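Morning, everyone. Please look at the screen.

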Amino acid sequence: MPEVVIDHKEELKWENKLIDSYTNESRDDGKVHVSDLLICMRKPEIQRQYEPSWTMRTLLMFTFGKSFEKFIFQTILPEATRELEVEEDGIVGHIDFATDDLDYECKLTWTKERDDPNDLFEKQWYWLEQAGTYAIMRRRYSCRFAVIHIPSWPVPSLRIYRVTWTKEELGELWEIMQNRKEYYLSMITQGKYPHKTQHKQFCKSCAVEEICGKLSEG
Ligand code: SF4
């Protein structure tokens with residue numbers, strides 16, 4: 001058996017390079033992004049103001065996701081437009097992969113694939129809000145999700161889901177997103193923080209949880 005040791009020095013070098021590669025990636029273009037209006041409207045504002053440092057785990061997850069997208073672009077959807085910017089009524093979004101047929105969102109999830117896809121999408125409702133908003137901007141009723149499922153036992157699986165909304169569903173979604181945008185902008189204009197998310201399960205993994213707790217509600 002050869003000698004095996006953890007090379008902490010080299011590890012640190014890699015970690016620093018990873019951190020450097022994400023420095024200056026903060027997005028402060030003064031626009032309201034679809035992602036700002038999803039799980040918690042307070043979080044993006046705190047992130048912009050305090051620029052918290054990301055944990056290594058989060059950066060590795062970002063990198064994992066980016067690698068998956070790069071593979072898709074190079075190998076499966078070279079004809080697609082990657083990160084297509086779409087904008088309507090003051091809301092901006094970036095579609096992972098836009099094609100003439102359907103657009104794609106790419107996701108990683110730590111959940112197992114299920115026989116009934118509704119189980120997944122009920123839990124990941126914000127994926128649908130995000131992609132549904134893009135569909136409205138693209139004047140479409142459908143899109144696809146390419147999802148890598150990585151459950152606790154590390155055997156990944158790939159699933160492609162096709163989602164189709166009704167006109168009424170997208171109409172309701174657009175109204176919700178517009179209302180959120182108005183609220184978000186009114187709070188920002190008044191120099192206040194938007195309210196905390198009602199979905200408290202997301203606070204546990206929030207990079208700004210500590211700062212958030214110290215700030216006034218609005
Ligand atoms: S801790 Fe919770 S409420 Fe506060 S910013 Fe993060 S997700 Fe939002």
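How do the residues of the shell around the ligand divide into nonpolar, polar and charged? Keep in mind that this is a predicted model. The shell divides into seven nonpolar residues, one polar and four charged.

Now the names. Around the ligand you find Cys-40, Arg-42, Lys-43 and Ile-46, then Lys-196, Thr-197, Phe-202, Cys-203, Cys-206, Val-208, Glu-209 and Cys-212. Two elements give two or more residues each to this shell: α2, residues 42-50, and α7, residues 209-214. Of the elements, α2 gives the most, with three residues.

Which values does phi take at Glu-83 and Asp-89? At Glu-83, phi is near 55 degrees, which is positive, and the residue is not a glycine. At Asp-89, phi is near 45 degrees, again a positive value in a residue other than glycine.

Where are these residues? Glu-83 is part of strand β2, which covers residues 81-88. Asp-89 sits in the loop between β2 and β3, the latter being residues 91-98.

Are they buried or exposed? Glu-83 has 13 other C-beta atoms within 10 Å, so it counts as partly exposed. Asp-89 has 11 other C-beta atoms within 10 Å, so it counts as exposed. The cut-off for exposed is 12 or fewer.

To recap: the ligand shell takes three residues from α2, and Glu-83 has positive phi, as does Asp-89. That is my item.

How values were computed. Residues numbered from 1 in each chain as written. Predicted model: local features only at pLDDT ≥ 70, side-chain atom pairs only at ≥ 80, totals over all residues. Near = placed C-beta within 6 Å. Helix = DSSP H or I, 4+ residues; strand = E, 2+ residues; numbered from the N terminus. Nonpolar A, V, L, I, M, F, W, Y, C, P; charged D, E, K, R; others polar. Buried ≥ 20, exposed ≤ 12 C-beta atoms within 10 Å, placed from the backbone.
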